[in-house]
Amino acid sequence: MFSGIVKCMGKVESVTDTGSTKMITFSSPVSDSFTIDQSIAHDGVCLTVINVGNGTHTVQVIDETLSKSTLGKLKQGDFVNLEKSLSLQTLLDGHMVQGHVDTSLMCTEIKDLNGSWKMEFNLPDEYSSLIISQGSISINGVSLTVADLNENSFAVAIIPYTFKNTTFQFLKVHDLVNIEFDLIGKYIIRQLNLRNVTE
């Protein structure tokens with residue numbers, strides 16, 4: 001479990017294909033503090049650390065994760081947002097994030113508001129029931145609030161601190177991002193759907 005409060009960025013050092021999976025090695029200021037078998041969110045995707053050393057850590061990404069996220073497009077030199085999993089002593093400053101990405105969506109517009117940024121993303125019909133105005137959403141592992149919600153799109157506001165300390169500084173129009181919708185909303189929709197089936 002994560003909170004969507006990114007601690008730092010990691011840089012891709014190497015990507016190796018191993019059958020249907022990829023082994024990705026990252027360097028970061030916190031990699032040496034990781035342990036093997038630890039769960040770390042990479043751009044919002046919960047991955048298990050399989051190797052640590054010399055300021056780097058390595059993870060394996062299976063085909064299922066590659067198909068639902070942007071991790072399959074990573075190449076040497078790219079950056080990702082990193083977050084350690086929560087402990088019982090951790091303050092929940094963001095919202096409850098599982099690290100289980102639902103889909104990847106496209107950035108359709110970036111507005112520089114001279115002190116902050118508004119970023120808009122497409123919203124397919126199949127996900128429209130999972131998002132509410134002023135609700136929480138995880139984008140590339142960052143806990144954000146939905147600022148605007150339209151029929152086929154939504155937008156979030158990015159403050160300067162978040163922009164400077166996450167991969168949002170590199171985001172461009174037409175780029176894909178990892179999306180995890182609010183956990184509570186998904187459970188509510190699931191229960192409503194089950195109720196409709198039994199009635």
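Let me start with lysine 22, which counts as buried because its relative accessibility is 15%. Buried here means under 20% relative accessible area, exposed means over 50%, and partly exposed is in between, with a 1.4 Å probe and protein chains only. Lysine 22 sits in strand E2, residues 21-27. Helices (H or I, at least four residues) and strands (E, at least two) are DSSP runs, numbered from the N terminus.

Before going on, a word on where this comes from. This is a predicted model, in which local features need pLDDT of at least 70, side-chain atom pairs count only at pLDDT 80 or more, and totals for chains, interfaces and linings use all residues. Residues are numbered from 1 along each chain as its sequence is written, and side-chain values use heavy atoms, with hydrogens and water left out.

Back to lysine 22. Which residue does its side chain meet in a polar contact of 2.6 Å? The partner is aspartate 17. A polar contact is a pair of N or O atoms within 3.5 Å; within protein, one must be able to donate a hydrogen and the other to accept it, and residues adjacent in sequence count only if both atoms are side-chain atoms. Leaving out residues up to four places away in sequence, lysine 22 touches Val15, Thr16, Asp17, Val59, Gln60, Val61, Leu66 and Gly72. Contact means heavy atoms within 4.5 Å.

Next is threonine 58, in strand E5, residues 56-61. Threonine 58 is buried, because its relative accessible area is 7%. Its side chain and that of threonine 25 are joined by a polar contact of 2.8 Å. Not counting residues up to four places away in sequence, threonine 58 has contacts with Met23, Ile24, Thr25, Thr48, Val49, Ile50 and Asn51.

Now two residues in loops. Aspartate 43 is in the loop between strand E3 (39-42) and strand E4 (45-53). Aspartate 43 is not a glycine, yet has a positive phi of about 50°. Glutamine 134 is in the loop between strand E8 (117-122) and strand E9 (136-139). Glutamine 134 is not a glycine either, and its positive phi is about 70°. Is aspartate 43 buried or exposed? Aspartate 43 counts as buried, because its relative accessibility is 5%. Glutamine 134 is exposed, because its relative accessible area is 55%.

On to the whole chain. The secondary structure comes to 3 helices and 12 strands. Of the 199 residues, 41% count as buried. Take the contacts between residues at least 6 apart in sequence: 67% of them join residues at least 24 apart. The C-alpha trace spans about 55 × 50 × 40 Å along its principal axes. For 199 residues, a compact globule would have a radius of gyration near 16 Å, and the chain has 17 Å, so the two agree. That radius is taken over C-alpha atoms, and the globule rule is 2.2 Å times the number of residues to the power 0.38.

Last topic: empty space. Rolling a probe the size of a water molecule over the atoms shows where empty space is left. On a 1 Å grid over the protein atoms alone, a cavity is a set of points where a 1.4 Å probe fits but cannot get out; a pocket is an open set with protein on both sides within 12 Å along at least five of seven lines; lining residues have an atom within 4 Å of a point. Grid points are joined across faces, edges and corners, and a volume is the space filled by probe spheres set on the points.

The largest pocket holds about 450 Å³ of space. Its lining has 15 residues, with Leu74, Asp78, Phe79, Asp175 and Leu176 nearest the centre. By class, that lining has 5 nonpolar, 4 polar and 6 charged residues. Ala, Val, Leu, Ile, Met, Phe, Trp, Tyr, Cys and Pro count as nonpolar, Asp, Glu, Lys and Arg as charged, and the others, Gly among them, as polar.

The second largest pocket has a volume of about 260 Å³. Its lining has 14 residues, with Ile5, Val142, Ser143, Tyr161 and Thr162 nearest the centre. Strand E10 (142-149), strand E11 (153-158) and helix H2 (160-165) are the elements that give two or more residues to this lining. E10 gives the most, with 4 residues. The lining divides into 8 nonpolar, 6 polar and no charged residues.
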